[in-house]
Amino acid sequence: MSDIVNYHLTVNGMDYPVNAAQGRNLLSVIRAEVGLTGTKEGCDDCECGACMVLLDGQPVNSCSFLAVQAQGRAITTVEGLQQGDEMHPLQRNILEEGGVQCGFCTPGMLLSATALLERNPSPTEEDVRIGLSGNLCRCTGYAKIVAAVQRTAAELHP
Amino acid sequence: MSTTSVPRFVRADGPDKVTGSGRYTADLTLTGTLVAKFKYAEVSHARIARLDVSAARAIPGVFAVLTQDDVPDVRFGPFVQDRTLFARDVVRFEGEIVAAVAAIDVPTAQRALNAIVVEYAPLPVVNDIEAALAADAPLVHEGWSQYGAADVLVRERNDASFASIAKGDVERGMAEADTVVHSRYVADGCHAAPIEPRAVVAQWEGNKVTIWTTTQVPFDARAGVCETLEMPASRVRIIVPHLGGGFGGKCGFHYEAHVAALAKATKRPVRLVFSRREEFIAPDRRREGIVFDFETGVKADGTIVARKVWLAIDNGAYTADAGFFSQLAAMHALGPYQVPNALAEAHLVYTNHQPSGSVRAPTAPQTCWALESHTDEVAKAIGMDPVAFRIKNAVATGKEGPSGQVYDEIGLVDCIEAATARAGYGDDLPDDEAIGVAIGWWPSFSAASGAYVKIDGDGSGQIITGAQECGTGAVMTLRQLVADELGMQPEDFELVYQDTSAAPYDMGATGSQTLFNNGRAAIAAAGQIAEQLKQLAADMLEASPADIVLADGAASVAGTPSRSVPITELAGIAAGGELLIGHGSGVPPAAQEVSGATCIGDVGMTAWVAPQFSCHAVRVKLDRDTGVARVLHVSTAHDSGTIINRIGATGQVEGGVMMGIGQALTEGTRYNDEGQQRNAALLEYKLQTCADAPPIDIHFVEINTPNAGPRGAKGLAEAPNVATAAAIANAIAKIAGTPIRQLPMTAERVWETMNTEGSPA
């Protein structure tokens, strides 16, 4: 295996040495090498958003991003949203609003919403709907997810 | 804000799911795990002329390559035993498994697949449902008559299950009609498309195997492994980690036996994880395409006097659980109407397509779409408002339905009135908008089910249930039911579930049955503990057990709240003596006797226990220049009995409606001339996104239902998926001036219909 390379990734503020084939995507390295399985694979083709992570705060489908290219950048996964024992308001609100059913799209959805609120702290409902349109959910019909994001925006920026 | 509001429902599995700590099957790794990959037929119908796996087996890092020669030679299938684990002699659809590989990593497994030599002699591809019924059509199964099958099935050549419902005299009814309307509709097949692709991990210890899998029906999956690998149930353990959605697509027995066989052959744990393409082409659970022919005779005053329906369902290459679809579709085609003279004939037809199977309300959304489109045509033909026409003819309390069932308390007419009023039906709209209305129905499924409840010495409880949670929240709601029985809080209970070796039987997350049946079981189990607690409290408080009340975490003497003991204290006492353990199952409610209709191929689908009803009224805007329809608002009213978990229930309606919108407008499988899927990817298939989702108004008609589930609950998860596409169709037809006769009603089809001279096909 001549294409194995050594590099470092910073995931949720922690440095991880990685030893993996050069062509590996970020999703598979986060799941199998870094060992964080909260990031999900739904299609491996940038179609569903289940694998979304933040790179320096920007949402990226990690299935279609080379892991080596993420060196030197701050990677945030769903495991990095919670600070200590306290859930992020988005996590709490999506539960209380009933926006979680099977939960498989939830990590990507939460990161997408985090990025949205970062760039637009007071989004309209339409802003939220467009902001989350790269994340497919088959269970909820989206209404309760949108409500959770709007409630979070109102709490953070009353 | 009301200070007495009910506490918000927060799922017991919620923290796992929002923090990323919850494990799904594909997240599991065991020491030494190998990668499984399948070799698929890729062609739709061919004889295997040569299959040689020796080169694949010789590749370093390949631990096993299995074919049908390496597993017990068992034909299986719940209705028709027409299938083997691996193809034997003939392949009948592109996603049929020819061989399975277990290798050290993905690239090695892929190299092994490439090294498998398979040569095919082509057979004629059966690609059209109606052509497959012709007397001289090529057979999908040459040996169909030798297969084992359920005795009630009526089978002939490519017709795997014929069913009919006949009532009154349909020809005389037609002759008495003032107007007879004839319609033809065609629905394409489509997919459950859960966001989690399926995954299976298997590991043997001695002669026992543990299989972690993405099934909705763990006990059914276990039965499949036992049947195909010839093992007793006691040596097969199925565990389902968190399940990332199913919608019926993960019902039935799928790849658990293949992966178990690989793990046995390699003496290593083996893991299979599907790609999205595999998820589209391989499972025997996609929504069936159907061809419909309707004829309804009606009096000038709007009374239906006769209805005749012929329909043919695409069974695909193997029968899976679709054996009951013909009778179920016949019921949906006659519909929730009073029809004195009825004849429905339904065929389940083998083709060389992916097999059909239960996807959220199987046969119902597309049959409702066709029937309700036809119903609007009938109303239009006699110049009657389609809502008034439905109210006049709909089944109601004390009235007889098309199969002869006389309904006890039901709320269909209430649903029609509520949904249309809340939608503003009848108000003026812009000329490119319209409100379409449709009604639907769906059974509640009565079945055996079991649960245990225990309370430990510290007063914390566990509900150990055979039920399966696929996201709906039905299992989560058990905490509420049990807590209410014991005067405790839902948070006092943890759930132990989705493990066939830990819990008693339940049918699984299928047929909207979890709360209906397992709720009954959990309440019965909790009731046994309630009796124990009352006895303990009675001894301590010197009262009669009959006078003890369990509430607010304490056992108290009725009328004397000061004579009270905390349940935690009683639990501590019990921990040193007779333990607090309850088990429950309860008696499933029985269906009414039905008379008045003659049914051929009767699989018991004509009499429905606690039937559910719905009406959807959908406002649609249609761009006449492009054929693009946009759903602006959906008004729903459902009679699903008592609503126990309101957040969960509204979530089911919202999700079901969105799935219905997708089925209406974009979701449909397209086949090429060789019977292969042309859009087996999410972008080409097109699910609805957050930006597509309209506001959804939800109203529950909660009436006192006899013979229902716990506290008067019926099922709910499938019913909201039934009427949406039909209501959208009727809105589009109003604006377009003519119905769209093929589902999904894509922009191209709408435009073509509007721009075709004369009456559409």
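Helices (H or I, at least four residues) and strands (E, at least two) are DSSP runs, numbered from the N terminus, and the legends below use these element names for a model that is predicted.

**View 1. The loop between S27 and helix H18 of chain B, with B:Arg711.**
B:Arg711 is found in the loop that lies between S27 and helix H18 (724–736) of chain B. The phi angle of B:Arg711 is near 55°, which is a positive value in a residue other than glycine, whereas most residues other than glycine have a negative phi. Because 16 other C-beta atoms lie within 10 Å, B:Arg711 is classed as partly exposed.

**View 2. The loop between S14 and H9 of chain B, with B:Ala320.**
B:Ala320 is a residue other than glycine with a positive phi, near 40°, and it lies in the loop between S14 and H9 of chain B. Is B:Ala320 buried or exposed? B:Ala320 counts as buried because it has 28 C-beta neighbours inside 10 Å, the cut-off for a buried residue being 20 or more.

**View 3. The peptide bond from B:Leu743 to B:Pro744.**
The bond that joins B:Leu743 to B:Pro744 is cis, with omega near 0°, although most peptide bonds are trans. B:Pro744 sits in the loop between S28 and helix H19 (747–754) of chain B.

**View 4. The open sheet of seven strands in chain B.**
The strands of this sheet follow the order S24-S7-S15-S14-S13-S8-S28 in chain B, and their pairing is mixed. Its edges are formed by strand S24 (597–600) and strand S28 (742–743) of chain B, each of which pairs on one side only. Helix H9 (residues 325–334) of chain B packs on the sheet, where it touches strand S7 (159–167), S13, S14 and strand S15 (341–350) of chain B, and the direction of H9 makes about 140° with that of S15(B). Within the sheet, strand S13 (residues 290–298) and strand S14 (residues 304–316) of chain B run antiparallel and are joined by nine bridges. Which residue of S14(B) is the bridge partner of B:Ile290? The partner in S14(B) is B:Ile313.

**View 5. The open sheet of four strands in chain B.**
This sheet has the strand order S16-S25-S26-S27 in chain B, again with mixed pairing. Strand S16 (433–444) and S27 of chain B are the edge strands, since each pairs on one side only, and the twist from one strand to the next averages 20°. Helix H12 (residues 412–423) of chain B packs on the sheet and touches S16, S25, strand S26 (628–639) and S27 of chain B, with a direction that makes about 140° with that of S26(B). S16(B) pairs with strand S25 (residues 609–623) of chain B in the antiparallel sense, over 11 bridges, and the bridge partner of B:Ile435 in S25(B) is B:Arg619.

**View 6. Chain A and its fold.**
Chain A contains five helices and five strands, which follow the pattern β-β-α-β-β-β-α-α-α-α when read along the sequence. Its radius of gyration is 16 Å, close to the 15 Å that the globule rule gives for 158 residues, so chain A is as compact as a globular protein of that length. Taken along the principal axes, the C-alpha atoms of chain A fill a box of roughly 50 × 30 × 25 Å. Of the 158 residues in chain A, 53% are buried, and among contacts between residues at least 6 apart in sequence, 58% join residues at least 24 apart.

**View 7. The contact between chain A and chain B.**
Chain A contributes 44 residues to the contact and chain B contributes 45 residues. On the side of chain A that touches chain B, the elements giving two or more residues are helix H2 (89–96), helix H3 (106–119), helix H4 (125–131) and helix H5 (143–156) of chain A, and H2(A) gives the most, with four residues. By class, this side of chain A has 22 nonpolar, 13 polar and nine charged residues.

The 14 residues of H5(A) should span 20 Å at 1.5 Å a residue, and the end C-alpha atoms are 20 Å apart, which agrees.

Terms used: Residues numbered from 1 in each chain as written. Chains lettered and ligands numbered in written order. Predicted model: local features only at pLDDT ≥ 70, side-chain atom pairs only at ≥ 80, totals over all residues. Pairing = 2+ DSSP bridges. Contact = placed C-beta atoms within 7 Å. Axes fitted to C-alpha atoms, helices over the stretch in contact; angles between N-to-C directions. Nonpolar A, V, L, I, M, F, W, Y, C, P; charged D, E, K, R; others polar. Expected span 1.5 Å × (residues − 1). Rg over C-alpha atoms; globule rule 2.2 N^0.38 Å. Buried ≥ 20, exposed ≤ 12 C-beta atoms within 10 Å, placed from the backbone.
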